[in-house]
Amino acid sequence: MSLSTWTETKPDLFEEQINIETPAIVVDLDVMERNMKDYAEFADQHDVALRSHTKTHRIPDLAHRQEEYTDGDGVVCQTLSEAEVLAQNGIDDIYLSYMVVEESKLDRLVALSEKLKRFVTTVDCPGNIRPVQQAAARHDTKVEVVLEIDIGLNRVGVKPGAPALEMAQVVQNQPNLDLAGIMAYEGHIGYGSGKATTEEEFEQRCAETMDEVEATVDLLEANGVFVNEVKVGSTATSKYSGTHSVVTEINPGMYPFNDGHLLDVPHIDQDDCALTVLSTVISKPTDDRVIVDAGTKSIAPQPGFAPVSKGIDDLDYYNASEEHGWIDVGLHGGSIEVGDRLAFIPPHVCPTINLHDTLIGVRDGIVEETWHVQGRGKVK
Ligand SMILES: Cc1ncc(COP(=O)(O)O)c(C=O)c1O
C-alpha cells in the first residue's frame, strides 16, 4: 500500500488496534492459520510428521492449535522448563531437541518423561549420554533419546557416517536408554553467511544433505541399529528437506508467523508474515524522522536485518535504542504525526516474542484472542 492510500484509510485500519497499548505484538490470525494449515498439508502430502518447534512462541494454546492441524504429531521444545510449561498445560507428546546434563535437571527430565504420553530427549556424545543413563537408572526407568547428527551447522551433533554409528552403539549399550532415531538440523542452509539464496540452491543443498543423512541411516541399520525416526527441518528448509524419503518428521518453528530474516527465503514473502510489532509515534523531531516506542526491548535485534514496515512502503527503521525506534519517513513525513500507529515485521520472531508478556490475535482489525507467553523466561 502506498503512503497516500494508507493515509486515506488510516482511521479504519487502526480503529480497533488504536485501543491496543503499544508496543504490542499483534498476530493476524487469518495469516497464522493459513500458514499452519499450509505446513500441515505439506506434511500430509509428503507423508512426514509435522512436529512443530514451540520455542518460537512458548504458548501452550498455540501448541494445542498446531497439534489440531496435525492430528497430534507432538511438538518440540528447546528447554526443559519450556517443556514443563507445555506439559502442565496438557501437551503430552514432547521432543526436547537439546542436551540436559545437570543432575537436578535430569531428575526433572525423568519426571517429565514418566508423566507424558511420550517424551524424547537429545544426546550426541558420551558426556551427555552418561548422565541421562544415570538419571534413568536412578529412577529405575527408561528414557527415549535421539542422537543428533551435525550435518553442517557445526553446532552440536556427532559427525555423520562412522562417528554416528559408534555413538549410536554407545547409546544402544545403555540399559536405561531407548534410541528413537536421529535428528539432523540443517539450519545452516537457511540462515547465516553460508545460506542458500535461490530456490534451486535450497532444493539442491537440502537434497544432498538429506542424501548424507540417508547414508548414515543405512550404515546404522546395516549394523543392527534400527532408526525409527529421522527428524530434520527449519522454517527455511523443511519444505525442501521434507520431500526426501529418509525424513520421517519436520520440526519448523517460525512458520506460523515468519519474520524479516525469512523474507530472504524464496517461498516466503511479506504476505506470509502474520506477526508485527505495533508501535506508536511518540516524537517527530524533524520532517523526515519520527521516533516510535518500539526499540530493542520490544523488537529483538538480529545482525544484518532491520524491522520491516508493514502496511506503508518506504519507511526505514534505521536505528534503535532500548525504548526508541528511529524511522526515516523520507518524503512522506508530512503524513505521519505523533500518535500514529506504525507496524513492523520483526527481524527475528522467536526472541521478539520472548520480550513480551502477551500476544494479541487480530482478525479483520478486531482483537479476537490474547495469549500469555507462559514460557517466557523459561530458559532452565
Ligand atoms: C534443532 C532445531 N530444530 C528446529 C528448529 C526450528 O527452526 P526454525 O526456527 O527455522 O523454524 C530450530 C531452531 O532453532 C532448532 O534449533
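Predicted model: local features only at pLDDT ≥ 70, side-chain atom pairs only at ≥ 80, totals over all residues.
Let us begin with the ligand, which sits in the largest pocket. There are 14 residues around the ligand, and those that come nearest are K55, Y191, T235, G253 and M254.

Several side chains reach oxygen atoms of the ligand. T235 places a polar side-chain atom 2.6 Å from a ligand oxygen. For K55, the separation between an N or O atom of the side chain and an oxygen atom of the ligand is 2.9 Å. Q78 also takes part, with a polar side-chain atom 3.1 Å from an oxygen atom of the ligand. Each of these pairs can be read as a polar contact, because the cut-off for N or O atoms is 3.5 Å. How much of the ligand does the protein bury? On its own the ligand would expose 390 Å², and 95% of that is buried by the protein.

Now let us turn to the aromatic rings. Such a pair is described by how far apart the ring centres are and by the angle between the planes. Searching the whole structure gives 3 aromatic pairs. One of them joins F202 and Y240, whose ring centres are 5.2 Å apart and whose planes make an angle of 25°. The pair counts as stacked, because the planes are under 30 degrees apart. F202 belongs to helix α9 (residues 199-222) and Y240 to helix α10 (residues 238-241), so the pair ties together parts of the chain that are 38 residues apart in sequence.

The backbone has two spots worth a look as well. Where does P23 lie? P23 is in the loop that runs between α1 (3-13) and β1 (24-28), and the peptide bond leading from T22 to P23 is cis, with omega near -5°. D140 is not a glycine, yet its phi is positive, at about 55°.

Terms used
Residues numbered from 1 in each chain as written. Heavy atoms only, no water. Near = heavy atom within 4 Å. Polar contact = N/O pair within 3.5 Å; in protein donor to acceptor, adjacent residues only side chain to side chain. Areas by Shrake-Rupley, 256 points an atom, 1.4 Å probe, with all protein chains shown as cover. 1 Å grid on protein atoms, 1.4 Å probe; cavity = no way out; pocket = protein on both sides within 12 Å on 5 of 7 lines; lining within 4 Å. Sits in = over half its atoms within 2 Å of the grid points. Phe/Tyr/Trp six-rings, centres within 6.5 Å; stacked < 30°, edge-to-face > 60°. Helix = DSSP H or I, 4+ residues; strand = E, 2+ residues; numbered from the N terminus.
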